[in-house]
Amino acid sequence: MARKILRINMTDLSATYEDIPEKWAKWGGRGLTSAIIFDEVEPTCHPLGPNNKLVIAPGWVSGTPAAPSSGRTSFGAKSPLTGTIKESNSGGLSSQKIGKLGIAAIILEGQPKDGKWYSIFIDKDGVKFEDASDLLGKGMEEVDKVMWERYPHKPAVIGIGPVGERKLTNAGISVNDPENNPGRYAGRGGLGAVMGARGVKAIVVDDKGGPGVHIANPELFKQGRRKLTKAIQAHDLTKKNGGLNAYGTDVLMNIINEAGGLPTRNFSSGQFEGAAKISGEMIAEMVEKRKAGQTGHACHPGCIIQCSNVYPGPDGQIIASPVEYETAMALGSNCGIDDLDFVAQMTKYCNDLGMDTIEAGNTIAVAMEGGLLEFGDKEGALALFEEIAKGTPLGRILGQGVEATAKAFGLYRVPTVKGQSMPAYEPRAIKGIGVTYATSTMGADHTSGYTIAPEIAGVGGKVDPMSIEGKAELSLTFQAATAFIDSTGYCLFIAFPILDIPEGWEGMAESVAGVMGMDITGADVVPMGKEILRMERLFNERAGFTKEDDRLPEFMRTEPLPPHNTVWDVPDEVLDEVYAWVHE
Amino acid sequence: MEVDVRVFATLRRYMPEQGIGEALRLDVQDGATLGRICDQLGIPRQEIKIVMQNGLQVDFDTPAEPDARIAYIPAVGGG
């Protein structure tokens, strides 16, 4: 059965299944969300107004049998945080279930005329709208629980917490994990506020009895997924008991600290004396010592990397899942906090209230610099999450993220690009990732062009992090390959093995070609990624962005970053090279 | 001369006495290379993906500097 577009209109509470038009037919995941936003959303619209849309798309291979680590869902819209196009993607249960219902994308549009809130239930028989007034004000822990009690078959629950209901710009979209916990987030860019502005508290997806994903060439698909699986299982980073499986993404804490690139105390230093205490090694030690929780946790069924974790408190009770490197940076080193139990408690607040942990932690750091509390004040930081939970005026400011909070406190050191705060790599110490932050179609985003692989990890080659040479091309190549991988439904972490193992790269492309019946090989990955980037870049241009927006904040050009005491010195001309091809 | 050596993640099993992120103060021959030092510690070179001295990436042939902060790092990544 051919894939369908499910269009849900909240103005008249209608749902229609449409044939996928030719112009979108080849896309999945991010390629599809960006193509739909590009075609259907006015670039100058207000992100919270009637003309924005939220598009939800599983990747090409999501929901197919035995494609490894392929449960990523893309969420797209015009971002209320950045004003740019946005694709934010998440693990959890949603991708495979939407795919198995034969749905290529869900387009959520319009706004209820009566101002009411709804939940939406989707299964093989269609779409039901339900009154969600009983769920208003509830955190995602309770929403997930209620939905699993209300519906059989352990459905996917896509939802927003109170921060999304209030339409604040740090609102993320939660997806439940296989144990029905709310830790999987399309966190970045405030897309939870876009969902809230459609009057939708939750979307529940039950795939039971669905048609499944049509595979055009099963033999080619099987050949591809086997090559990819083999590469993942062979690579030191992604194999069983390898770096990611044993320690999670927070394996990077000590390493980036060692390299002098760990954002610390609102991006004023690249090294944190307490890094070891909030590292992946410490997470593993706590799990072992407290005889509770888990490392090597899977965020979606069929993941063979299993980099997630479940973090236990001193009493053996679970505090939160997962504690990621990004989280430990934003809520830890960047706030001067060296206590994992507190990092986990703040993560729990983020997961329940519906916020991106990166933006939330960096916002607390800005409040610390603004004098609201001291760096390292963990009790004080936790108390700020209560303000956000209650929706006090201060809590609402903090819920808007770094840029709004920095303005409220009159700060100059504001580590954002296009309104989105920087993730866990200091661009003054690692230049390529700075090129990605500056030029990405998404604002400051590490996942959109992860040059850390060759700059720090020695994956996909080896380049000097401090050097400027070749960084425009490096960033563009990573941005393009990422746009493709974000379209597959595979986790971006497959990039590590397939950058080093060519058969894995081929296998990824063959598995996609097998499902879609497309005539593509590994050589098409970067060119197809560039097609996606072109749509995103043109959308941003039409929204009013120019190359002058592709810059890092001024303070990074003048304040040397310890311990290497380097400044951001990549010339503007280098940054302008990255997207020069769009109009060629 | 003396140097501080740190190992991380899966390499910690070669320096089990050291806590997480804790340095081992090591007496080495003047001008010993970083490859020589990891050999001395019994850390197999094939398990080392990155060698750092004072926060900069170097290689096994680089001579250690007095009081250097040396780190041996296996395959890592994340995001």
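I take helices (H or I, at least four residues) and strands (E, at least two) as DSSP runs, numbered from the N terminus. The model is predicted, so my local features need pLDDT of at least 70 and side-chain atom pairs count only at pLDDT 80 or more, while totals for chains, interfaces and linings use all residues. Residues are numbered from 1 along each chain as its sequence is written, chains are lettered from A and ligands numbered from 1 in the order in which they are written, and side-chain values use heavy atoms, with hydrogens and water left out.

**Chain B, elements.** I looked up the make-up of chain B and found five strands and one helix. Read from the N terminus, their order is β-β-α-β-β-β.

How much of chain B counts as buried? I noted 48% of its 79 residues, where buried means under 20% relative accessible area, with a 1.4 Å probe and protein chains only. Next I turned to contacts (heavy atoms within 4.5 Å). Of those in chain B between residues at least 6 apart in sequence, 57% link residues at least 24 apart.

**Where chain A meets chain B.** I then asked how many residues each chain brings to the contact. Chain A gives 36 residues and chain B gives 22 residues. Buried area here is the accessible area (1.4 Å probe) that two parts lose on being put together, summed over both. For chain A and chain B that comes to about 2,300 Å², with 61% from carbon and sulfur atoms. On the chain A side, A:Ile255, A:Glu258 and A:Glu281 lose the most area to chain B, together 27% of what that side buries.

Note on methods. Buried < 20%, exposed > 50% of the residue type's maximum accessible area, 1.4 Å probe, protein only.
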